[in-house]
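Thank you all for coming.

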Amino acid sequence: MNYMRDNYVNAKNDVPILIDYGASTIKAGYATSQTPDVVIRSYINKFKDSNTQSNQIAQWDTDVFKNYRSPFEKNLIQHSGALEQLNDFVFERLQAGRHGRVNHPMILTECFATTDLARMIVLEQMFECYQVPSVMLGVDALFSVFQDDLDTYLKQTQLIVHLGDQTVHVIPIINGQIIYSNIKRLNLGGLNTLKYFYQTIQLRHPHLKFTYPQIDYWHKQYTSVAIDYQLQLRYFQGPQFYFGYRDKITEQNRQYQDDQLQLLDPIYIDIPIVQKIVSAEDLKRKDENRQRMRVRLQESIQQSRQNKKSQLEQQLQTLQQELEIDQNNDELKKKITTLQVKLGLVPKEALEELKYNLLNVPDDTLTPSQLNQKRYQKVMYEQALMKKQKNQEFKQLQNDANKFKLEEPEKYLQMLYEKRDRIVLQIQERKKLQQEMNSRNSRFNQKRIQTLAYLGADDKVEDDFGKDDKDWEIYRSVTKEIDSADEKSKYKLQEIEQELKDLDPDFEIKILKSIANIHQLGMNLSQVQLTVDRVRCQEIYFQPNLIGVEQQGLVDMIKLSSKGLDKLLLQNINLTGGGAKTQGIMQRLQKDLTSEYDCPIAIKIATDPIFGTWMGMKNFANKYQNMLSQFSISIDDYNEIGTQKWEIFKQHPFSNIVD
């Protein structure tokens, strides 16, 4: 559930409301509170039932990879509708709305280099929808490093690395002055690491279904930034790659690295296969539904039969009237007999006698056309006898199979499993063959096309068969036999599996553990192995090209941001934001920067990386309340100037810069 506190005292109108708009979570509360009063996800998802369809605030276990909407795109507010719904929820929980307005000063956060559109969305909502008296806008990364003394803050020299959910910002500050030209932005964050982790896990275990809470917990609990990525990969590969040292110096270095690097070991997570438990009430309800469907189907079939019978009777009456006019018409007699057989008025033998009426007639009494017809009837009669014999044999086989199933059910079940395995293997072999045939460069295809080219050469001097697309149509027609055989096998497999499901309640479990299952798994099919996944998802901070982001890594960003000022900035690097809680990120930065520079490197993580921004806003609002009016945009300024002109923007130590 979302975290909300209801034990705060109703604040006076002059108490500011602080809202930290994070791409992952929104933290909001009164300046008089010790911690945020409302902490919610920054997502809206659809809530559906049989009667309503509406939006709701996403819970902590909401799968943010699927059905969700966020007001943020790369840490910039772009969707005003989603933001308005989140703001409505926040003000309702804070009980801040009075007579259609929120009569409290607002302190809000934004990211560096916020666009005019994103700022306009926020200001218009606050002044038009909620009629707030004033709004102060500040950068989240700057509030996160503010403690309680503004003079000390304005004299600090530091390099802020703000690790957000969708972006990373590197901000150099010299004696309280932000070097805006050196600010760097990396277009990925914690959400990208989580998605990458989920994709790699799902790709290696396609037969398992993972829930979002599972993935989120594994990501927070087991993933880490590798201090030496390449060495960690060799360690995961096994002893033959990691311990293959040949000289004494390398062995000593290895012992030192083992102590410093803290290499990670693989983790094995067992996911039990849970059988679906159906209650007696569910079984009863399903049985009642089946009974209703059966009655409805029987009524429908009875009605269709009645309609068809009436149509046949009308046709019979019409044909009989025609026969009275032309009594020697054999075709009419045959049609009438056919309809009478369908209606059950005469036995089927009457239709057969009429159908083969020339078989017992001597040949010398027949005309040439009747002789041809007699030969045709003789062929059809023999085919009918063969078909009848085959049906009798098939019925006998069915009776024997049913007898075998009743007398020895275990052997019959084993026989079905063996037949299923054979069919699955046949399908897999045909699939491989089909893949080879679809590839023009495969050895099988080259051999086949040579044969076809030889057949289609027609004494040609040059062998140009295959250059024209029409030649390939001949080749594709050859593959239809494989497709038809594959369809028959799949249909037969469905029949066998349906019978196995009816006979064996543990069919699905046995199939998963079968040698011939579709994934070719062993007994450890329900075990998730976390090896490279533990470090690869977090490595995108340093190698963004792993997920296709064409940017430099975090270390290169720090080098560019501190260029010319490295000796001053690298002695005080502050890591803030939710990504600062990632295991091993401080040690990795320390190692990489130490190898690049000969000056001292000092890195520290903020006391509270997640709530540090809101706490910095609270400290400023409580200690420097007299400066709020100077740093805030009032509703009078908005009504007079609007949001289209930059004059409305108030610049202060925590703000963006407007040229």
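This is a predicted model: local features need pLDDT of at least 70, side-chain atom pairs count only at pLDDT 80 or more; totals for chains, interfaces and linings use all residues.

Residues are numbered from 1 along each chain as its sequence is written, and side-chain values use heavy atoms, with hydrogens and water left out.

The chain has 25 helices and 21 strands, where helices (H or I, at least four residues) and strands (E, at least two) are DSSP runs numbered from the N terminus. Of the 659 residues in the chain, 40% are buried, a word I use for a relative accessible area under 20%, with exposed for over 50% and partly exposed in between, computed with a 1.4 Å probe on protein chains only. Among contacts between residues at least 6 apart in sequence, 67% join residues at least 24 apart, contact meaning heavy atoms within 4.5 Å.

Let me turn to strand 3 (25–30). Five bridges join strand 2 to strand 3 in the antiparallel sense, and the two form a hairpin with three residues between them; strands count as paired if DSSP finds at least two bridges between them. In this pairing, Ile19 stands opposite Ala28. Strand 3 also runs antiparallel to strand 4, joined to that strand by four bridges, and here Lys27 stands opposite Val39. Thr25, Lys27 and Gly29 point one way from strand 3, Ile26, Ala28 and Tyr30 point the other way, and all are buried.

Strand 12 (residues 134–139) is likewise mostly covered, with six of its six residues buried. Ser134, Met136 and Gly138 lie on one side, and Val135, Leu137 and Val139 on the other. Strand 11 (residues 106–110) pairs with strand 12 in the parallel sense over five bridges, and Ile107 has Met136 as its bridge partner.

What about the cores? In soluble globular proteins, nonpolar side chains tend to be buried together. A nonpolar core here is a set of buried Ala, Val, Leu, Ile, Met, Phe, Trp, Tyr and Cys residues joined through side-chain atoms within 4.5 Å. The largest such core has 62 residues, and Ile19 and Met126 have the most contacts inside it. A second, separate core of 45 residues includes Tyr198, Ile269, Leu530 and Met557.

The largest pocket has a volume of about 1000 Å³. On a 1 Å grid over the protein atoms alone, a pocket is an open set of points where a 1.4 Å probe fits, with protein on both sides within 12 Å along at least five of seven lines, and lining residues have an atom within 4 Å of a point. Grid points are joined across faces, edges and corners, and the volume is the space filled by probe spheres set on the points. Of the 42 lining residues, the closest to the centre of the pocket are Ser24, Asp165, Gly578, Gly579 and Ile610. Among the elements that each supply at least two lining residues are strand 2, strand 3, strand 4, helix 5 and helix 6.

Finally, where does His205 lie? His205 sits in the loop between helix 5 (190–204) and helix 6 (212–222). His205 is buried, with a relative accessible area of 7%, and beyond its neighbours within four places in sequence it is in contact with Phe210, Gln527, Val528 and Gln529.
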